[in-house]
Amino acid sequence: PSDEERTNNVLAIQAALDAAFEAGGGTVLFPPGVYYTNDRVGYFIDFDVNCPVILRGLSQITMIYSNNDSACVLGFMTTDGNIRDVTVIDLMLHGGREGLLLYNCDYSVFERIWGWGSKNFSFQCQFCVGVDFVDCCFDESAQGNATGVEADAVLLVSCEAEFNEGTRLGEFCVGIVMSNGYNQI
């Protein structure tokens, strides 16, 4: 796809996410297919908020694929307070600096998410409390990285996260890096 097509996908996805956010909650459905992007999508805010938004694809046949290795594929972060109650179900996240970036994202659920092909980490979670990863796969970080060295699959910094019900590391992953926090695997 062209860069213009990727930009149009970013704008369309972000518009749907913004509409759900502005409505005070809702569900954003991703039909089957690959959504090629060239920038991050998600919520990047500077205030405290409850955000009962659900992003839902169809397991292993709905993918957001970013060619931008200096930004995450999908992110939920706030620099002031917390963003709470986000749910993401049945999405593949390919490429980007990280597949999924969480920063001060609390009491949220990520179910059947498959992160792979990111420059740094499949999933990066910082300063999050009560985050549940259910039946997720962290796979093949650093694919396409010129160093040829695989990166760690997951980074947890000062988090309270739970990994359960089939969550696994896929091939070419070094592992999970944890710094502070209380995590249950």
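F127 counts as partly exposed in this predicted model, because its relative accessibility is 36%, which falls between the 20% and 50% cut-offs. How many aromatic pairs does the structure hold under the ring-centre rule? The count comes to 14. In the pair made by Y103 and F127, the ring centres lie 5.4 Å apart and the planes meet at 80 degrees, so the geometry is edge-to-face. Y103 sits in strand β8 (residues 98–103), while F127 belongs to the loop between β11 (121–126) and β12 (129–134), so this pair ties together parts that are 24 residues apart in sequence.

Now follow the chain to another pair, F123 and F133. Here the rings are tilted, with 45 degrees between the planes and 5.7 Å from centre to centre. F123 is in strand β11 and F133 in strand β12, so the pair ties together parts ten residues apart in sequence. F123 is buried at 2% relative accessibility, and F133 is buried at 1%. Both also belong to a cluster linked by ring pairs, whose other members are F21, Y43, F47, F76, F110, F138 and F163.

If you select F110 and set aside its neighbours within four places in sequence, you will find it in contact with F76, V88, L100, L102 and F133, among others.

From here, turn to strand β6 (residues 74–78), which pairs with β3 in the parallel sense over five bridges. Strand β3 (residues 41–45) is mostly covered, with four of its five residues buried. T78, also in β6, is buried with a relative accessible area of 0%. Its side chain reaches the backbone oxygen of F47 at 2.8 Å. Beyond the residues up to four places away in sequence, T78 touches I45, D46, F47, I83, Y103 and N104, which brings us back to Y103, the ring partner of F127.

Stepping back, the protein chain has one helix and 16 strands. Buried residues make up 49% of its 185 residues. Among contacts with a separation of 6 or more, 62% come from residues 24 or more positions apart. The chain exposes about 8,200 Å², with carbon and sulfur atoms supplying 50% of that area.

Methods
Residues numbered from 1 in each chain as written. Predicted model: local features only at pLDDT ≥ 70, side-chain atom pairs only at ≥ 80, totals over all residues. Heavy atoms only, no water. Buried < 20%, exposed > 50% of the residue type's maximum accessible area, 1.4 Å probe, protein only. Helix = DSSP H or I, 4+ residues; strand = E, 2+ residues; numbered from the N terminus. Pairing = 2+ DSSP bridges. Polar contact = N/O pair within 3.5 Å; in protein donor to acceptor, adjacent residues only side chain to side chain. Contact = heavy atoms within 4.5 Å. Areas by Shrake-Rupley, 256 points an atom, 1.4 Å probe, with all protein chains shown as cover. Phe/Tyr/Trp six-rings, centres within 6.5 Å; stacked < 30°, edge-to-face > 60°.
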